[in-house]
Amino acid sequence: MAKPQLSLKARALKYLSSREHSRLELGRKLSRHAQEGDDVEALLDWLESSKFLSQSRFSESLVHRRASRFGNSRILSELQSHGIDAAAISEIKTNLVQDEAARAKEVWSKRFRQAPADAAERAKQMRFLQQRGFSHSAIRAAMRAAETDED
């Protein structure tokens, strides 16, 4: 027996019940299942007006999920790719800048556990943090903290 086809609204609520989605992301997911006569934009407008879909909740959720593993530039670029507006991104950036060095130190300590022995090892560890999206100042602060902890 075949499963009954979910309506677009039911599918949207199913997606939103599992985690927060950005408007752009949810629109992409729903457009794959839209049939003739379905208005995805109208549904997204209704979801926003009914508070089922929220840009600020999505942003907070993404930052919360990513902050323990990634730096500011990686998080901010992901927010931008999800269609979050520039004003919201700049507000989030001011909040993230405050603890980036501490987060970089934490990510470093989970991965390496001991200070670099030579310049090549130091460069490797710094590249790792850079690939995770941490700023140069946060990387330098994390490396300094790692070296002083070692002494």
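Helices (H or I, at least four residues) are DSSP runs numbered from the N terminus, as are strands (E, at least two). With that in hand, welcome to a short tour of a predicted model, in which local features need pLDDT of at least 70, side-chain atom pairs count only at pLDDT 80 or more, and totals for chains, interfaces and linings use all residues. Residues are numbered from 1 along each chain as its sequence is written, and side-chain values use heavy atoms, with hydrogens and water left out.

- Two packed helices are described by the angle between their axes and the distance between the axes.
- Axes here are lines fitted to C-alpha atoms, for helices over the stretch in contact, and angles run from 0 to 180 degrees between N-to-C directions.
- Helix 2 (residues 23-31) and helix 3 (residues 40-49) have axes that come within 10 Å and cross at roughly 135°.
- Helix 2 and helix 3 are therefore oblique to each other; angles under 35 degrees count as roughly parallel, over 145 as roughly antiparallel, 65 to 115 as roughly perpendicular and the rest as oblique.
- Their crossing is right-handed, a term for the near helix being turned clockwise from the far one by less than a right angle, with anticlockwise giving left-handed.
- On the helix 2 side, R23, L26, G27, L30 and S31 make the contact (heavy atoms within 4.5 Å), while helix 3 brings V40, E41, L43, L44, D45, L47 and E48.
- By class, this contact of helix 2 with helix 3 has six nonpolar, two polar and four charged residues.
- In that count, Ala, Val, Leu, Ile, Met, Phe, Trp, Tyr, Cys and Pro are nonpolar, Asp, Glu, Lys and Arg are charged, and the others, Gly among them, are polar.
- E25, L26, G27, K29 and L30 are the buried residues of helix 2, where buried means under 20% relative accessible area, exposed over 50% and partly exposed in between (1.4 Å probe, protein chains only).
- Those buried residues pack against helix 1 (8-18), helix 3 and helix 4 (55-66).

**Helix 1 against helix 3**

- Helix 1 and helix 3 pack at an angle of about 50°, with axes 11 Å apart, and that makes helix 1 oblique to helix 3.
- Helix 1 passes helix 3 in a right-handed crossing.
- L8, K9, A12, L13 and L16 of helix 1 meet V40, L43, W46 and L47 of helix 3.
- The contact of helix 1 with helix 3 has eight nonpolar residues, no polar ones and one charged.
- K9, in helix 1, is partly exposed at a relative accessible area of 40%.
- Not counting residues up to four places away in sequence, K9 touches L43 and W46.

**L47 in helix 3**

- L47 sits in helix 3 and is buried, with a relative accessible area of 0%.
- Leaving aside neighbours within four places in sequence, L47 is in contact with A12, L13, L16, L26, F52 and L53.
- C-alpha to C-alpha, K9 and L47 are 8.9 Å apart in space and 38 residues apart in sequence.
- L47 and E25 are 22 residues apart along the chain, and their C-alpha atoms are separated by 13 Å.

- A nonpolar core is a set of buried Ala, Val, Leu, Ile, Met, Phe, Trp, Tyr and Cys residues joined through side-chain atoms within 4.5 Å.
- The largest nonpolar core has 13 residues, of which V63, I75, L76, L79, I84, I92 and L96 touch the most other members.
- Helix 4, helix 5 (72-81) and helix 6 (86-97) each supply at least two residues of this core, and helix 6 gives the most, with four residues.
- Apart from it lies another core of twelve residues, among them W108, F128, L129 and A146.
- The axes of helix 5 and helix 6 come within 11 Å and cross at roughly 160°, which makes helix 5 roughly antiparallel to helix 6.
- Their crossing is right-handed, and N72, I75, L76, L79 and Q80 in helix 5 meet I89, I92, K93, L96 and V97 in helix 6.
- The residues of this contact of helix 5 with helix 6 divide into seven nonpolar, two polar and one charged.

**Positive phi in two loops**

- Most residues other than glycine have a negative phi.
- K51 has a positive phi of about 70° although it is not a glycine; K51 lies in the loop between helix 3 and helix 4 and is exposed, at 61% relative accessible area.
- R113 also has a positive phi, near 70°; R113 lies in the loop between helix 7 (100-111) and helix 8 (119-131) and is exposed, at 67%.
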